[in-house]
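Subject: A structure for you to explore

Hello,

Here is the structure I promised to pass on to you. Please open it next to this email and follow along as you read.

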Amino acid sequence: MEKCLIIYNPKSGKAISKKTLEEYKKILRKRGYIVETIETKYQMHATEIMEKAGNYKYVFAVGGDGTFSEVVEGNILREEKLVICPISNGTCNDVAHMLGLGNNPIKNLNMLLDGEVSYVDVGEINGKPFFYTAGIGKIVNVASETKAEDKKKYGYFAYLINAINEILNDENFDKIEVMVDGEKQEGTYVLALISNSNHIAGFKDIHKEVSLNDGEMEVLLFKGKNKIDFLKTILKFFLKIKIDSIIYLKAKEIIVRFPNNKSWCL
């Protein structure tokens, strides 16, 4: 019998219930699989689990976008790659929604089992692989620094509240320079989002006609002369109002120079 592995993050989003986890096992066993489960204990634990995992037919990443990205990184580090499947259980679940999955955890599992295997592009920043989004500049630390209890209580709005607070309270307003496929982008920017997704920060259709395996990444560049100016730009972005201070591009190689080593995250 073939084996499946479920890697789940108990602190992601609303946290997976024991009842749902048992239902997953029941469905997989009914389909003829031997099921193993491993709970993540700390940041990057999913990467370690994935890198050292044995041979499995499928690996299910149960958690949010961060959990899935960690599993992808672990798969990249393996000599023999495994088929990995995201099951959304986080706050935004951009990756799962981008791939056509919904909010029903049981329906999502059955859709994955009935689906097709696809290859996707994986980005790399400073030698570190990533899937979904790399953020450089202002507010990119919000995703990692927002408290788990706030996300459970307020959901997506916990991110938004923290982002606005950081913009208004931060006195330092570093600027970044960007080269896209060897061409310098005129002007200076305060935020760059490099992604392989049309869902970012809980919003869909950020980019049009996104292909997950075209060898290119989508690039969003945000201008901002000061904190109030940048706040207006961010709000218009969330409201899907197109303005000149937001640049949309596609590229194979992006070089970004910025003064603060803490100003980037995956």
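Two strands count as paired if DSSP finds at least two bridges between them. Strands themselves (E, at least two residues) and helices (H or I, at least four residues) are DSSP runs, numbered from the N terminus. Before we start, please note that this is a predicted model, in which local features need pLDDT of at least 70, side-chain atom pairs count only at pLDDT 80 or more, and totals for chains, interfaces and linings use all residues. Residues are numbered from 1 along each chain as its sequence is written, and side-chain values use heavy atoms, with hydrogens and water left out.

The sheet

Let's begin with strand β11, residues 217–222. Six bridges connect β11 with strand β12 (residues 246–251), and the two run antiparallel. Within that pair, V219 has L249 of β12 as its bridge partner. β11 also pairs with strand β10 (residues 191–195), again in the antiparallel sense, over five bridges. There, L191 stands opposite F222 of β11.

Further along, strand β7 (residues 133–137) is joined to β14 by two bridges, and these strands run antiparallel. Look for I136, which stands opposite W264 in β14. Put together, five strands form an open sheet with antiparallel pairing, in the order β12-β11-β10-β7-β14. β12 and β14 (264–265) are the edges: each has a single partner strand, so one side of each is left without a neighbour in the sheet.

Is β11 mostly covered or uncovered? It is mostly covered, as six of its six residues are buried (under 20% relative accessible area; exposed is over 50%, partly exposed in between, with a 1.4 Å probe and protein chains only). In a regular strand the side chains alternate between the two faces of the sheet. In β11, M217, V219 and L221 are buried on one side, and E218, L220 and F222 are buried on the other.

A buried glutamate

Now turn to E73 in helix α3 (residues 65–76). E73 is buried because its relative accessible area is 11%. Its side chain makes a polar contact with the side chain of K128 at 3.0 Å. A polar contact is a pair of N or O atoms within 3.5 Å; within protein, one must be able to donate a hydrogen and the other to accept it, and residues adjacent in sequence count only if both atoms are side-chain atoms. Neighbours within four places in sequence aside, E73 is in contact (heavy atoms within 4.5 Å) with M44, T47, K128 and P129.

On a 1 Å grid over the protein atoms alone, a cavity is a set of points where a 1.4 Å probe fits but cannot get out, and a pocket is an open set with protein on both sides within 12 Å along at least five of seven lines; lining residues have an atom within 4 Å of a point. Grid points are joined across faces, edges and corners, and a volume is the space filled by probe spheres set on the points.

How many cavities of 30 Å³ or more does the whole structure hold? The search finds one. The largest cavity has a volume of about 60 Å³, and its lining includes F68, I87 and N93. β4 gives the most to that lining, with three residues.

The second largest pocket holds about 810 Å³ of space. Of the 25 residues lining this pocket, V83, I84, V117, S118 and V120 are the closest to its centre. Helix α3 gives the most to the lining of this pocket, with four residues.

Enjoy looking around!
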